[in-house]
Amino acid sequence: MDPLSWTDIFLRIAAQLAPVWIALIATFALSITFKRRLGLYGKLFDSPIGMVGFGLVMFWTYTGIFAGAFDLILTHDVLDQSASMKNKGPGTPFTQMMGTPDPNAYPYYLLGGDNLGRDVFSRMVVGAWEVIKIAPFASLFAFMVGITLGLPAGYHGGRLDTVLSFLANLILAFPVILLFYLLVTPEIIQTGIPVYMAAVLFVFPIIFLVLLWNSRFHTQPATRNLYVGITLLVGTWLYLGIAWNADPLGIVSFPPNLLVVFVAVVFVNAPTVFRIVRGLTMDIKTRDYVAAAQTRGEGTWYIMLWEILPNVRGPLIVDFCLRIGYTTILLGTLGFFGLGLSPESPDWGSTINEGRKLLSMYLHPALPPAIALLSLVLGLNLLADGLREESLRD
Amino acid sequence: MVTFILRRVGVMVLTAICLTFIVFFLTNLYPNLEKLAKTQGNFRMTDAEVESYLGRNGYLDPMLVKYGRWIGVWPGWVIEEEGATRGRCIEPGQPPEEAPRFCGILQGDWGFSTVFRKDVGVITGEKLALTGWLMLWVMVLMVPSALMLGVLAGMREGSRTDRTLSTFAITTTATPEYVSGVLFIAVFASSAVGLQWFKGTATGAVDKPTFENFFLPVLTIALYGMGYIARMTRASMAEVMTAQYIRTARLKGVSFPNIVLKHALRNALIAPFTVIMLQFPWLLNGVVIVETLFNYKGFGWTLVQAASNNDIELLLAVSVVSVVVVLVTQLISDIGYVYLNPRISVS
Amino acid sequence: MAEHDAPILEIENLSISFFTRLHEIPAVMDFSVTVRPGEAVGLVGESGCGKSTVALGVMRDLGVNGRIVGGTVRFKGRDLGTMSAAELRAIRGREIAMIYQEPMASLNPAMRVGRQLMEVPMIHEGISRTEARARALEVVGDVKLPDPERILDSYPHQLSGGQQQRIVIAMALMSKPSLLILDEPTTALDVTVEAAVVDLVKDLGRKYGTSMLFISHNLGLVLETCDRICVMYSGEAVETGSVRDVFDRMQHPYTQALFRSIPLPGTDKNAQPLKAIPGNFPLPHERPTGCNFGPRCDYFRAGQCDAGDIAMARIEGSDRHFTRCLRVAEIDWTAPLQKTGTVEATPPGKVVLRIENLRKYYEVAANALFGGGGATKVVKANESLSFEARESETLAIVGESGCGKSTLAKMLMGLETATDGAILLDNRNIEQTPIERRDTQTVADIQMVFQNPFDTLNPSMTVGRQIIRALEVFGIGATDRERRDEMLRLLDLVKLPREFAGRMPRQLSGGQKQRVGIARAFAGGARIVVADEPVSALDVSVQAAVTDLLMEIQRKQKTTLLFISHDLSIVRYLSDRVMVMYLGHVVELGTTDQVFAPPYHPYTEALLSAVPIADTRVKKTHIVLEGDVPSAMNPPPGCPFQTRCRWKPEVPGGLCEREVPAIRELAPGHQVKCHLSADALSCW
């Protein structure tokens with residue numbers, strides 16, 4: 001068989017991505033049809049920048065989900081090596097050094113093979129899954145921590161603020177890479193420190209929700225007990241499973257090397273979120289509706305969580321998008337330095353790192369993951385920009 | 001003003017102590033020490049051998065004692081072994097009686113690097129000079145172009161220039177150094193594309209930096225930071241351009257170029273100034289990535305070497321340097337802010 | 001008045017629209033006005049009526065979205081609409097200058113005042129730096145600023161609000177323009193400062209022979225400053241004419257309604273309630289056909305008023321008096337206002353709140369950024385306040401910014417605790433109990449209505465939800481159902497439709513928001529309500545409605561109302577007793593009649609004379625106070641008012657500068673804090 005021409009490669013990739021196109025078209029069609037009823041999300045479809053950003057983000061989200069969770073899209077297993085495919089260029093027909101290839105196997109390496117003879121295209125699409133399953137959740141946890149600490153720091157000020165701000169600045173004074181090198185190593189996993197850190201960091205979402213319900217419903221004990229009870233039950237179960245790997249039911253667990261990556265990323269992001277929330281809180285707390293709540297004798301957590309927090313959601317949503325992007329970059333950095341994830345992992349950072357070593361000769365192993373990462377982060381930034389612009393309008 | 005600086009220096013020292021203690025604590029955890037022992041000795045050491053190696057070199061003393069030694073407030077360890085006296089503060093070949101009791105950073109002794117087998121102070125100095133050179137060029141390239149970009153985009157919000165420049169700025173902030181570096185090497189340095197305008201490695205730049213071997217690393221670092229500063233400047237400029245005093249100036253009959261230069265610029269640069277100063281610590285990350293990518297043996301490269309080999313004292317020195325960089329830039333940004341912004345007076 | 005000269009500014013049938021993504025919003029329609037040399041024309045209307053847009057249209061500075069869609073603006077005979085950018089630049093600042101509402105915002109914070117002033121003649125007349133500086137010194141002297149050299153070398157933030165506004169005026173006069181546009185030039189200033197600035201503008205206008213276009217929502221101010229007036233409503237001029245004609249022989253229902261909704265001396269909440277204009281200001285894209293004011297007009301006749309566009313018509317036998325009303329001839333303009341029924345004055349009941357010798361001192365860091373290290377200053381926000389308030393009584397607390405009225409409110413609410421003294425609620429001490437330690441009943445008893453309607457409601461919670469929350473906190477209603485019913489009843493109480501329960505605050509107008517705020521305050525059956533300038537941010541026509549609502553609820557519920565305000569007209573209208581504060585001291589306290597009639601405290605006297613009154617019959621003595629209110633951080637020694645008091649020489653031995661005067665009782669219930677003898681006080 002002859003190698004494919006570039007046109008063929010593009011057509012075949014496009015065909016391979018068919019489920020993604022279908023999902024994208026459906027999303028856009030539905031969203032544009034109902035955009036007037038969808039609030040801020042709907043307004044996004046008035047802004048070309050926002051739409052491009054959203055499209056890029058959803059492209060990679062769908063790609064990641066279909067490839068990682070449903071085994072669609074990808075053409076070969078991400079770990080299968082074929083010695084005869086080492087460093088072969090894009091469109092090379094699939095061969096194996098020993099034995100005949102499985103007749104059902106996809107006949108080409110669409111974007112070529114890497115230095116171990118693995119399929120670059122498949123590794124790139126599965127790399128999206130590596131990002132999708134960590135970045136949004138790590139950002140979410142960072143937000144929970146940052147909000148739970150930033151609100152009281154900004155609202156009360158004083159000594160509490162001084163101490164918390166000092167801690168935040170302390171973490172921010174660390175060069176991120178040094179922190180990663182110190183935290184994300186097999187030796188540190190041995191000591192169990194990531195588990196303790198996870199134990200502290202992951203308790204914040206539970207605290208956050210309990211405070212949220214309690215402050216809102218403390219006047220109606222029955223409702224309050226129901227909400228708080230459910231939160232504590234579900235929260236503790238997930239918490240035991242995720243942080244301590246001790247789920248009594250044995251359903252929830254978290255691989256330790258993924259946990260350390262997760263914890264490190266949350267740890268690095270939380271102080272920035274803290275600073276943003278603190279600043280916004282200091283601004284909003286001078287508003288009259290906050291004073292009105294104070295003069296009704298509302299508790300401080302009610303004021304912070306129900307009077308202040310909903311009114312800073314605009315900037316926080318925008319920052320959330322940016323933060324997912326930044327987390328993606330951080331995950332890439334970890335991969336680039338070979339920290340945390342297993343060396344075989346198809347994540348973009350590791351693939352770029354492997355590919356760069358032969359860069360002066362072969363471009364194709366390093367470029368696809370680099371461009372993928374760039375386009376996802378760019379999409380998130382454009383999305384944030386679109387959201388910011390639309391939330392400021394009217 | 002003096003009390004302010006003193007307070008800031010106090011905070012700085014406190015931060016440095018906390019930070020180094022954290023680094024110290026993490027690097028002195030037993031699994032890390034075990035790794036150190038094995039890299040120093042050999043990888044087939046038994047647990048007992050590891051333990052005795054660590055004991056002989058004072059690694060098994062209590063954490064605070066060890067930290068005190070590093071600071072220089074606790075006497076260095078001295079072990080008499082097979083008739084010879086070895087100690088933390090005893091230089092090879094020096095009679096034990098002449099050696100000082102304390103040898104920590106307070107005495108100006110930064111310790112000994114186990115990777116490079118050299119004095120940490122010497123290594124840090126050398127590498128900092130190399131990285132300083134890199135940073136200087138990054139700043140020279142990044143700051144003026146970022147400010148210009150931001151001002152041009154922000155002075156007419158929503159115009160075509162603004163859209164184009166903003167998209168460019170967003171793209172650069174979305175491109176981490178390890179992506180842009182790879183792209184640049186691929187396009188400008190690899191034999192596959194064939195342009196080969198620049199060198200894909202900056203190893204040679206350590207001795208003799210030239211445009212050819214130095215431009216790509218500088219561009220790579222500068223680009224990532226540039227977008228961020230440009231966007232801040234743009235936002236600030238756009239906000240200033242809608243301010244009432246700009247309308248006042250316009251309705252006084254001031255021409256547009258003069259409005260931008262005389263009325264808007266100074267106000268618009270207040271916010272980005274802080275950002276530029278706070279970029280320094282952030283650039284440090286870029287430096288680590290770029291120095292690894294381009295194999296430029298500076299401070300960032302040293303950090304990676306020290307960290308991957310658990311070179312405790314070198315890592316500590318690296319952390320001290322970075323915390324000082326971070327906090328000094330913060331201090332400068334605060335002071336500079338006051339001079340740029342007449343609304344805040346210094347009493 | 002130079003009647004025969006050619007007009008300086010002629011606006012003819014001007015229409016201005018703003019274009020958004022979805023539609024065109026007409027902001028000004030068919031607007032005509034003429035300004036002759038030396039003439040001052042007032043442009044009056046409520047917010048959103050397009051008066052500021054007219055000013056910007058004259059300046060051709062409508063931004064990216066605004067466009068002149070019809071009509072012409074001629075300046076000295078030249079059409080501004082067809083001028084090039086360079087020609088416009090030559091006119092701006094030199095021929096037409098503008099003075100703005102927010103002096104702080106309109107001065108460049110990073111440029112010395114001198115440079116900002118000198119720039120004007122240097123651009124337009126090309127004169128040298130030294131010459132420009134000499135001119136600046138001269139003009140700064142003209143606007144009566146002390147020590148011009150120092151002022152020129154300072155940055156705007158180093159000057160007080162009043163001084164900044166004088167600088168803005170000086171800047172406008174630097175090139176001796178022939179037309180001055182003033183856009184609400186005194187709205188951001190305190191009353192006594194406003195009086196001085198208005199005085200200055202009038203004098204300078206006369207001195208430089210400048211014509212003026214004076215934009216304001218304050219009818220009293222226009223009466224004091226202008227020769228002619230143009231009343232605007234919803235993008236249109238509805239009546240223009242000389243001030244005398246429009247004030248005394250008004251010929252448009254809106255003008256009439258406007259005058260009837262502002263409290264004038266002699267009106268009284270019980271004898272002659274204000275008549276609010278029914279309905280709401282129409283949004284630009286919801287304007288009715290025909291007369292814009294039609295739906296709210298008492299004289300509206302279907303088929304005639306809503307048939308088609310209505311043009312301005314000249315009133316026969318008048319001096320350029322026009323009105324935009326078809327029924328002008330049919331309406332009996334002299335008919336007195338129908339009495340809406342007087343209300344029985346409710347007698348005040350027992351004392352519910354007693355304040356004794358209350359003091360509040362704050363310690364603040366001397367410098368916010370570099371502070372913390374040592375030097376703190378003590379701010380004496382309140383100095384020995386003593387007064388009492390009874391059931392169903394309205395006690396007005398009057399004073400300018402920095403007088404300590406907000407601190408007093410905070411202490412009452414429990415947001416601050418007192419430094420010294422006592423607050424007794426039903427003879428229980430609450431001055432040291434912060435809000436979190438007060439029991440629910442106490443909290444529900446003392447509630448507050450806030451000043452800024454745009455800030456008083458949580459923007460991300462529905463109106464109903466916010467009222468229900470207050471009910472929940474005050475423990476009212478056993479079930480969600482009961483609370484919901486109670487919430488709807490509260491909406492009825494404040495005369496809002498029940499469907500507002502599901503609306504978000506941004507869908508409400510300012511007045512409606514303020515009503516929700518009132519409903520929320522009364523949710524727990526409050527017995528004492530502190531109203532902090534509840535109507536000052538509202539338009540005049542809405543002010544009357546909200547004020548009357550507050551009075552009505554008060555009467556029904558026998559509430560004690562502490563009405564904080566700087567607006568003496570409204571205070572006079574609605575309060576039973578008045579307390580005048582200055583720099584943390586109560587300088588005068590008495591019944592409304594006692595305070596508003598001699599003998600006054602010298603500060604009360606100045607305050608009364610400073611308030612512009614929209615009534616041509618009222619003649620006031622004119623007292624202009626020098627300087628600004630001193631900072632509470634750095635109060636003068638002795639009597640707090642001594643730095644600005646014109647009677648200080650009457651007190652022998654410099655007593656005013658040494659001792660704080662003791663409180664003296666002039667008549668039963670009438671206290672004054674002044675060194676002047678009772679005779680001297682009552683001699684005016």
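## A glycine and its contacts

Leaving aside neighbours within four places in sequence, Gly72(B) is in contact with Phe102(B), Cys103(B), Gly104(B), Ile105(B), Leu106(B) and Gln107(B). This comes from a predicted model. Gly72(B) sits in the loop between α4 (63-71) and β1 (78-81) of chain B. Asp109(B) lies 37 residues from Gly72(B) along the chain, yet their C-alpha atoms are separated by 8.5 Å.

A buried residue needs 20 or more.

## How confident is the predictor?

The complex as a whole receives an ipTM of 0.87 and a pTM of 0.88 from the predictor. Chain C has an average pLDDT of 84. In that chain, 96% of the residues score at least 70.

One stretch of chain C needs care. Over residues 368-373 of chain C, the pLDDT is below 50. Beyond near neighbours in sequence, the stretch still has 11 contacts in the model. Where pLDDT is low, predicted coordinates should not be read in detail.

## Where chains A and B touch

Chain A gives 36 residues to the contact, and chain B gives 41 residues. On the side of chain A, six helices each supply at least two residues: α7 (158-173), α8 (176-183), α9 (186-191), α16 (313-336), α17 (348-356) and α18 (367-392). Which helix provides the largest share? That is α18(A), with 9 residues.

What classes of residue make up this side of chain A? There are 25 nonpolar residues, 8 polar residues and 3 charged residues.

## A buried strand in chain C

Strand β7 of chain C covers residues 179-183. Why is β7(C) described as largely enclosed by the rest of the structure? The reason is that 5 of its 5 residues are buried. Leu179(C), Ile181(C) and Asp183(C) point one way from β7(C). Leu180(C) and Leu182(C) point the other way. Both sets are buried, and the charged Asp183(C) is among them.

β7(C) has strand partners. Strand β6 (residues 96-99) of chain C is joined to β7(C) by 4 bridges, and the two run parallel. Here Ile96(C) stands opposite Leu179(C). Strand β8 (residues 211-216) of chain C is joined to β7(C) by 5 bridges, and this pair also runs parallel. In β8(C), Ile215(C) is the bridge partner of Asp183(C).

A helix belongs to this picture too. β7(C), helix α8 (residues 191-208) of chain C and β8(C) form a β-α-β unit. What is the handedness of the unit? The β-α-β unit is right-handed.

## Two residues with positive phi

Most residues other than glycine have a negative phi. Asp71(A) is not a glycine, but has a positive phi of about 60°. Its place is the loop between α4 (48-70) and β1 (92-93) of chain A. Asp71(A) is exposed, because 10 other C-beta atoms lie within 10 Å, and the cut-off for exposed is 12 or fewer.

Lys558(C) is not a glycine either, and has a positive phi of about 55°. Lys558(C) is found in the loop between α17 (540-557) and β20 (560-565) of chain C. Is Lys558(C) exposed or partly exposed? With 15 other C-beta atoms within 10 Å, Lys558(C) is partly exposed.

Methods:
Residues numbered from 1 in each chain as written. Chains lettered and ligands numbered in written order. Predicted model: local features only at pLDDT ≥ 70, side-chain atom pairs only at ≥ 80, totals over all residues. Contact = placed C-beta atoms within 7 Å. pLDDT = per-residue confidence, 0-100. Pairing = 2+ DSSP bridges. Right-handed = clockwise from strand over helix to strand, strands pointing away.
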